[in-house]
Amino acid sequence: MRDSWRKYLFKNVIKSTQLGTNLIGNEKNTGIPLLKMGNLTIGGFSFNKLEKIEYSKSYEAEKFILKKGDFLFNTRNTLELVGKSAVWNNNLSEAIFNSNIMRIKFEEDKADDFFLGYYFSQGKGWNEFKRISTGTTSVAAIYSRDLFECEIKIPPLAQQRKIAEILSTVDAVLEKTEAAIAKYQQLKQGLMHDVFTRGIDIHTGQLRPKQTEAPELYKQSALGWIPKEWEVEELGTYISLLKSGLSRLLSHQDIGLPVLISGNIQNEKLDLSNLKYWYKNDPQGANTENYFLEKGDILLCFINSMDQIGKLAYFEGYTRDCIYTTNLFRIKSSDSENSKFLYYLLSSRIVQSEIKSIVKPAVNQASFTTKDFIKINVPLINSTEQTQIAQTLQSIDQKIHTEQQALAKYQQLKAGLLQDLLTGRVEVRV
């Protein structure tokens with residue numbers, strides 16, 4: 001720490017505290033958003049399952065309306081999550097907070113709200129909140145008397161504001177990048193629907209007009225309206241290999257071959273950062289080479305919980321031979337040149353909705369059979385159009401990938417800055 005940093009008891013930098021409203025929210029789409037403990041994350045906010053309060057029925061709500069710069073502190077949650085804090089930055093046009101959250105205002109000549117928002121989001125600040133929490137794993141609390149006696153060490157106010165400005169600039173870039181990813185993902189969802197209902201005209205390279213705009217280009221089928229050039233066939237027409245993997249008690253130690261499991265499939269991609277392993281020479285006599293994955297293979301989960309079944313990923317290759325576990329299908333396209341098209345077809349609503357209908361629930365896990373899977377009705381599309389569809393979707397996937405790489409870089413930058421600036425390791429000049 002720099003010599004200019006001073007120690008304070010938390011109570012000596014606090015001007016006032018206020019617990020939120022006891023009013024009960026609802027899940028209707030009208031009213032003021034109500035922040036509950038689940039909406040407050042470490043250093044930020046989550047707006048999933050956001051409840052609201054009808055303004056006309058809650059005059060009391062006005063005194064709990066959030067303002068930019070309000071420091072919010074979670075007084076009650078699980079032992080792991082109690083003490084989460086964040087600074088309100090006009091994330092919604094208007095919102096209030098409930099009684100599990102405390103709004104804290106600080107002495108303006110000692111502490112900056114945004115700086116302390118960062119300070120308590122990690123490192124010593126976060127650990128201090130964790131230290132004073134009491135309760136069980138499922139229900140824990142932090143009481144005002146303990147909170148006020150927390151010790152913090154912070155730089156002079158001018159440095160606090162400069163640090164907050166630097167970190168806020170990085171956060172703005174992160175938010176912009178996340179917004180770009182969300183935009184491209186939404187665009188992809190729309191494209192996925194269009195290319196598998198309207199297709200792409202091979203002469204123009206553009207989506208065909210909608211059926212309502214050019215009905216002469218379409219015909220009725222078992223899948224509804226489809227382009228006249230298409231037919232309806234069973235999914236098996238597109239598949240040359242459909243094979244489940246090895247059932248073994250896998251090891252966390254590298255004993256031979258990396259084994260891909262359903263947990264490695266994340267957001268329709270393979271995450272190989274956490275692998276399990278099996279012997280190359282199988283003790284039970286199986287020929288593991290029969291399970292070696294090749295570039296262009298598609299892995300699809302067919303045994304798991306209901307919400308996991310149907311997730312899939314495209315295997316782009318790895319630095320060493322890999323095999324796969326028994327709850328995954330390894331799928332090869334009958335046209336190796338268009339394996340990407342098959343991947344997108346399997347990701348489409350056409351196939352995914354049918355997978356849900358053929359799943360057979362069980363006590364511990366659900367599954368579907370090979371027989372039912374290959375009989376799913378899908379559009380039969382010529383090879384040239386398949387290529388154009390795959391290229392169109394790959395183009396937007398590449399944009400998403402580029403933004404995700406940038407996001408990871410900025411997240412790493414922020415992590416380094418938090419470590420340097422909030423410990424005094426790097427001096428900030430003002």
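This is a predicted model: local features need pLDDT of at least 70, side-chain atom pairs count only at pLDDT 80 or more; totals for chains, interfaces and linings use all residues.
Residues are numbered from 1 along each chain as its sequence is written. Local features need pLDDT of at least 70, side-chain atom pairs count only at pLDDT 80 or more, totals for chains, interfaces and linings use all residues, and side-chain values use heavy atoms, with hydrogens and water left out.

**Exercise 1. Classify the ring pair of Phe71 and Phe106, and state what it ties together.**

Step 1. Recall the cut-offs. Rings of Phe, Tyr and Trp (its six-membered ring) pair if their centres lie within 6.5 Å; planes under 30 degrees apart are stacked, over 60 edge-to-face, the rest tilted.

Step 2. Apply them. The centres of Phe71 and Phe106 are 5.2 Å apart, with 80° between the planes, so the pair is edge-to-face.

Step 3. Place the residues. Phe71 is in strand S7 (residues 71-74) and Phe106 in strand S11 (residues 101-106), so the pair ties together parts 35 residues apart in sequence. Strands are DSSP runs of E, at least two residues; helices are runs of H or I, at least four; both are numbered from the N terminus.

Step 4. Check burial. Buried means under 20% relative accessible area, exposed over 50%, partly exposed in between (1.4 Å probe, protein chains only). Phe71 has 0% and is buried. Phe106 has 4% and is buried too.

Step 5. Widen the view. Ring pairs link both residues into a cluster with others, including Phe10, Phe73 and Phe129. The whole structure holds 24 aromatic pairs.

**Exercise 2. Find which lysine lies over the face of Tyr314.**

Step 1. The test: NZ of Lys or CZ of Arg within 6 Å of the ring centre and within 35 degrees of the ring normal.

Step 2. Lys340 lies over Tyr314, 4.2 Å from the ring centre.

**Exercise 3. Work out the strand order of the sheet that contains S8, S12 and S13.**

Step 1. Strands pair if DSSP finds at least two bridges between them. Two bridges join S8 to S13 (residues 140-141). One of the partners is Ala141, facing Arg76.

Step 2. The order is S8-S13-S12, open and antiparallel.

Step 3. S8 (76-77) and S12 (134-135) each have a single partner strand, so one side of each lacks a neighbour in the sheet.

**Exercise 4. Describe the largest nonpolar core.**

Step 1. Such a core is a set of buried Ala, Val, Leu, Ile, Met, Phe, Trp, Tyr and Cys residues joined through side-chain atoms within 4.5 Å.

Step 2. This core has 42 residues; Phe196 is among those with the most contacts inside it.

Step 3. Helix H5 (339-347) is one of its contributing elements. H5 gives the most, six residues.
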